[in-house]
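Colleague: I have just opened this entry and would like to be taken through it step by step. Could we start from the terms and then move along the chain?

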Amino acid sequence: MSKEKNKNKQEPAYHSIAKTPTGITGLDEITGGGIPKGRPTLVCGEAGSGKTLLSIEFIVRGALQYGEPGVIMAFEEKADELAANVASLGFDLEKLQADKMIRVDHVHIERSEIEETGEYDLDGLFIRLGHAIDSIGAKRVVLDTIESLFAGLSNQNVLRAELRRLFSLA
């Protein structure tokens, strides 16, 4: 009788999260189809661990393989430096930009100029990011590296509030 009960027992239904394929060899397999669609994904690691290369490959493969234009907003490296760094991978960032498949925007942030006033916000950055996204109809966005935006902030409440606003743009 116990086998009969177990046989009729329904297994709970689990819903998987919709995924965006990255197009990066091996990454889509180990993540079960890519990264969560429409959600921010934080890539962490030490300097030199490949975060920038992974992010650029995500943008380039999205544009080339999936027809999804992308924006790279860089806070440390300039567009020409990024292009030189990924040329060895066979990526021509300048051509992709000319074809309006990607947009690379460098935003200079001088850490010594960031002062915590209690009214710190990223309105200017949000406007610039929104324009970059709209200019090519971007479906993918990379901020490299987000820690540069908040390096001078010690107020965790301001930091959380600005991160929530930033991620609500997605």
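This is a predicted model: local features need pLDDT of at least 70, side-chain atom pairs count only at pLDDT 80 or more; totals for chains, interfaces and linings use all residues.

Colleague: How far apart in space are Ile 17 and Gly 32, C-alpha to C-alpha?

Modeller: In sequence, Ile 17 and Gly 32 are 15 residues apart. In space, the separation of Ile 17 and Gly 32 from C-alpha to C-alpha is 9.9 Å.

Colleague: Stepping back to the whole chain, in what order do the elements of the protein chain run from the N terminus on?

Modeller: The secondary structure of the protein chain comes to eight helices and five strands. As for burial, 32% of the 170 residues of the protein chain count as buried. Read from the N terminus on, the order of the elements is α-β-α-β-α-β-α-α-β-α-β-α-α.

Colleague: Which strands are the edge strands of the open sheet?

Modeller: The open sheet is formed by three strands in the order 4-3-5, with parallel pairing, and its twist averages 10° from one strand to the next. Five bridges join strand 3 (residues 70-74) to strand 4, and strand 3 also pairs with strand 5 over five bridges. The edge strands each pair on one side only, and they are strand 4 (102-106) and strand 5 (140-144).

Colleague: Which residue of strand 5 is the bridge partner of Val 71?

Modeller: Towards strand 4, Gly 70 stands opposite Ile 102. Towards strand 5, the bridge partner of Val 71 is Val 141.

Colleague: Why is strand 3 described as largely enclosed by the rest of the structure?

Modeller: In a regular strand the side chains alternate between the two faces of the sheet. In strand 3, Gly 70, Ile 72 and Ala 74 point one way, while Val 71 and Met 73 point the other way, and all are buried. Strand 3 is largely enclosed by the rest of the structure because, of its five residues, the number that are buried is five.

Colleague: Which strands does helix 3 touch where it packs on the sheet?

Modeller: Helix 3 (residues 51-66) has a direction that makes about 165° with that of strand 5. In packing on the sheet, helix 3 touches strand 3, strand 4 and strand 5.

Colleague: Are helix 3 and helix 4 roughly parallel or roughly perpendicular to each other?

Modeller: The axes of helix 3 and helix 4 (residues 79-87) come within 11 Å and cross at roughly 85°. The contact is made by Thr 52, Leu 53 and Ile 56 of helix 3 together with Leu 82, Asn 85 and Val 86 of helix 4, which by class gives four nonpolar, two polar and no charged residues. Angles of 65 to 115 degrees count as roughly perpendicular, and helix 3 and helix 4 are therefore roughly perpendicular.

Colleague: And are helix 6 and helix 8 roughly parallel or roughly antiparallel to each other?

Modeller: Helix 6 (residues 123-136) and helix 8 (residues 156-168) pack at an angle of about 15°, with axes 11 Å apart. Asp 123, Phe 126 and Leu 129 of helix 6 meet Glu 162, Arg 165 and Leu 166 of helix 8 in this contact, which by class has three nonpolar, no polar and three charged residues. Angles under 35 degrees count as roughly parallel, and helix 6 and helix 8 are therefore roughly parallel.

Colleague: Lastly, is Lys 100 buried or exposed?

Modeller: Lys 100 has its place in the loop between helix 5 (93-98) and strand 4, and its phi is near 60°, a positive value in a residue other than glycine. Its relative accessible area is 53%, which is over the cut-off of 50%, and so Lys 100 is exposed.

How values were computed:
Residues are numbered from 1 along each chain as its sequence is written. Side-chain values use heavy atoms; hydrogens and water are left out. Axes are lines fitted to C-alpha atoms, for helices over the stretch in contact, and angles run from 0 to 180 degrees between N-to-C directions. Helices (H or I, at least four residues) and strands (E, at least two) are DSSP runs, numbered from the N terminus. Angles under 35 degrees count as roughly parallel, over 145 as roughly antiparallel, 65 to 115 as roughly perpendicular and the rest as oblique. Contact means heavy atoms within 4.5 Å. Ala, Val, Leu, Ile, Met, Phe, Trp, Tyr, Cys and Pro count as nonpolar, Asp, Glu, Lys and Arg as charged, and the others, Gly among them, as polar. Two strands pair if DSSP finds at least two bridges between them. Buried means under 20% relative accessible area, exposed over 50%, partly exposed in between (1.4 Å probe, protein chains only).
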